[in-house]
Amino acid sequence: MEIKLEALFQDKIDQEIKIEPRDWMPEKYRKTLLRQISQHAHSEIVGMLPEGNWITRAPNLRRKVALLAKVQDEAGHGLYLYSAAETLGMSRDEMFEELHSGKAKYSSIFNYPTLTWADMGAIGWLVDGAAIMNQVPLCRTSYGPYARAMVRVCKEESFHQRQGYEIMLTLSKGTEAQKALAQDALNRWWWPSIMMFGPNDDNSPNSAQSMKWKIKRFSNDELRQKFVDVTVAQTEILGLSIPDKDLKWNEERGHYDFGVIDWEEFFQVVAGNGPCNKQRLKARVDAWENGAWVREAATAYAEKRELRTKNQTEAA
């Protein structure tokens, strides 16, 4: 019976028909989605921390308002994605518990420090640029709630990417000191950004199955190559240099060749040994614990309001 259900399930995916929460699905499909969507949600929430750190130190009111809006967007993205994950049968409290215990992961990129204002530009341009490259195909992912959530997320991420690039452009056209800040930020964020696409395809155990189920539409290496090709031209406009001595155009492939990624660094950061892993996780745990009274008050108010409505209905 289950073999027949799996065949019908795969046929539905092959026909580009969305899988919805009440549809039958293999348990592994459900678990794969839960891992990916919850990790995506956690990344949005943790990603608020390195940028939120610069809201009060933005160089002018325009930059302050724009950065504040961006951080608010990221909070909203996390909420959309947690809601999508909840349709798969896991509560938000359970997802937070897994994050706080270290069982659930989030994007390794957010475990690097933001040292200067130029980092706000590099994050918007490179990190959000890499995120868009990853996320636009997710608007066509096979699970309906995830695909629909990603439509709005991607629209807002495109503004974040433009905002970051505009910061880098302003700095690169400014004084020598400002241009040096932009170059320094590019130097520090380049390699972590191209690591965001995940391990090489040969070392990515879940990719093949996710591609078959059309959770993913492109492999890690395909997306990474596309990102490098696009970003080189943008860097030339800025008048900056990508910190990769092996970067060069390959006429035969029609793509840029680039240097070897330090995967040892990537896996160390994923394992919790990055520059800011402990700091980021502590901030999230503290926020959860310090906000307990707000959740309790909201729950009590909702229960009181529900009881009042019930009593009014019975009295009528």
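Colleague: Which exposed residues does the face of helix 1 turned away from its buried side carry?

Modeller: This is a predicted model, where local features need pLDDT of at least 70 and side-chain atom pairs count only at pLDDT 80 or more, whereas totals for chains, interfaces and linings use all residues. Residues are numbered from 1 along each chain as its sequence is written, and side-chain values use heavy atoms, with hydrogens and water left out. Taking helices as DSSP runs (H or I, at least four residues, numbered from the N terminus) and exposed as over 50% relative accessible area, buried as under 20% (1.4 Å probe, protein chains only), the face of helix 1 turned away from its buried side carries Lys4 and Leu8.

Colleague: Within what arc do the buried residues of helix 1 fall, seen down its axis?

Modeller: The buried residues of helix 1 are Phe9, Gln10 and Ile13. They line one face of the helix, because the directions from the axis to their C-beta atoms fall within an arc of 95°.

Colleague: Which helices do those buried residues pack against?

Modeller: Phe9, Gln10 and Ile13 are the buried residues in question. Counting contact as heavy atoms within 4.5 Å, they pack against helix 2 (27-46) and helix 9 (207-212).

Colleague: How many charged residues are in the lining of the largest cavity?

Modeller: A cavity is a set of points on a 1 Å grid where a 1.4 Å probe fits but cannot get out, lined by residues with an atom within 4 Å of a point. Ile13, Glu16, Ile17, Lys18, Ser142, Lys214 and Arg217 line the largest cavity. With Asp, Glu, Lys and Arg counted as charged, the number of charged residues in this lining is 4.

Terms used. On a 1 Å grid over the protein atoms alone, a cavity is a set of points where a 1.4 Å probe fits but cannot get out, and a pocket is an open set with protein on both sides within 12 Å along at least five of seven lines; lining residues have an atom within 4 Å of a point. Helices (H or I, at least four residues) and strands (E, at least two) are DSSP runs, numbered from the N terminus.
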